[in-house]
Amino acid sequence: MQYDVITLFGDIIRDYCSYSIMKRGIENGIITVNTVNPRDFSHDKHKRVDDTPYGGSSGMVLMAPPIFEAYESIERLDNSEFIMLTPQGEPYNQKIAHELSKKSQLILLCGRYEGFDERVRIGLKPREISLGDYVLTGGELGALCIMDSVSRYLDGFLNKEDSSLNDSFSEGLNGRLEHPQYTKPQEYRGMKVPDVLLNGNHAEIAKFRQNESIMRTKIRRPDLM
């Protein structure tokens, strides 16, 4: 998977990807992460990429020309997807993460300030995705969430091939929440690990986990049932 992130703050993307599983994915050649700065395509001597909105309003709007040229500088691979991070987009979920993992390239456009000149939407026709019904200072955190969640589906990215299949909202759990997990010690401050997890009976353990998953989902997220 190749990720190309259009952002004014590439260090945010690069710093996150220099740690933990994302770093290992890059080192193992499973993912590639590139950043493109629209300021490099500004024709203003001060490298400005934003200006005041027509019609008057507070804040600044990202101009279309630097965004268009930054996008056009990226070599498109076969089976790529261009995504704009925006609160106005379709709500992101595990199903979309799995869908995007089938792509060979994701181009992620991160906004700032009061958003984009509308002609970016009209002219480039990105797929618009929102992380939820709230507003962030910029799209970088949204882009990283997509990159992280999509990468978990790629072969070899996780230590165990079936790790992502049993995450909350995943196909392995039929979209339910994950069951509770325990590790050593067996007892801590009067709280004990359920006996069923200690008896080595894999059929009983599987049944216990399925029941816990169902009950947890009914209580915490009944909308998923």
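This is a predicted model: local features need pLDDT of at least 70, side-chain atom pairs count only at pLDDT 80 or more; totals for chains, interfaces and linings use all residues.

Trainee: How many residues of α6 are buried?

Mentor: Buried means under 20% relative accessible area. Nine of the twelve residues of α6 are buried, so this helix is largely enclosed by the rest of the structure. Among them are Glu140, Leu144, Ile146, Met147 and Val150. From its first C-alpha to its last, α6 reaches 16 Å, close to the 16 Å expected at 1.5 Å a residue.

Trainee: Which residues have the most contacts inside the largest nonpolar core?

Mentor: That core has 27 residues, and those with the most contacts inside it are Leu100, Leu106, Leu108, Ile146, Met147 and Val150. At least two residues each come from β1, β5, α4, β6 and α6. The most come from α6, which gives five. Apart from this core lies another, of 17 residues, including Ile74 and Val120.

Trainee: What does Ile146 touch, leaving out residues up to four places away in sequence?

Mentor: Its partners are Ile83, Leu85, Tyr92, Leu100, Leu106, Leu108 and Ile129.

Trainee: Is Arg152 buried, partly exposed or exposed?

Mentor: Arg152 counts as partly exposed because its relative accessibility is 25%. Arg152 lies in the loop between α6 and β8. Its C-alpha is 9.1 Å from that of Ala97, 55 residues apart along the chain.

Trainee: Which residues form the nonpolar patch on the surface?

Mentor: Phe9, Ile12 and Tyr113 form it, with about 250 Å² of accessible area together. Phe9 is in the loop between β1 and α1, and at 35% relative accessibility Phe9 counts as partly exposed.

Methods: Residues are numbered from 1 along each chain as its sequence is written. Side-chain values use heavy atoms; hydrogens and water are left out. Patches are made of residues with over 30% relative accessible area and no salt bridge: like charges are joined within 9 Å, nonpolar side chains (Val, Leu, Ile, Met, Phe, Trp, Tyr) within 5 Å. Accessible areas come from the Shrake-Rupley method with a 1.4 Å probe; for residues, only the protein chains shown count as cover. A salt bridge is a side-chain nitrogen of Lys or Arg within 4 Å of a carboxyl oxygen of Asp or Glu. Helices (H or I, at least four residues) and strands (E, at least two) are DSSP runs, numbered from the N terminus. Buried means under 20% relative accessible area, exposed over 50%, partly exposed in between (1.4 Å probe, protein chains only). The expected span of a helix is 1.5 Å times one less than its number of residues. A nonpolar core is a set of buried Ala, Val, Leu, Ile, Met, Phe, Trp, Tyr and Cys residues joined through side-chain atoms within 4.5 Å. Contact means heavy atoms within 4.5 Å.
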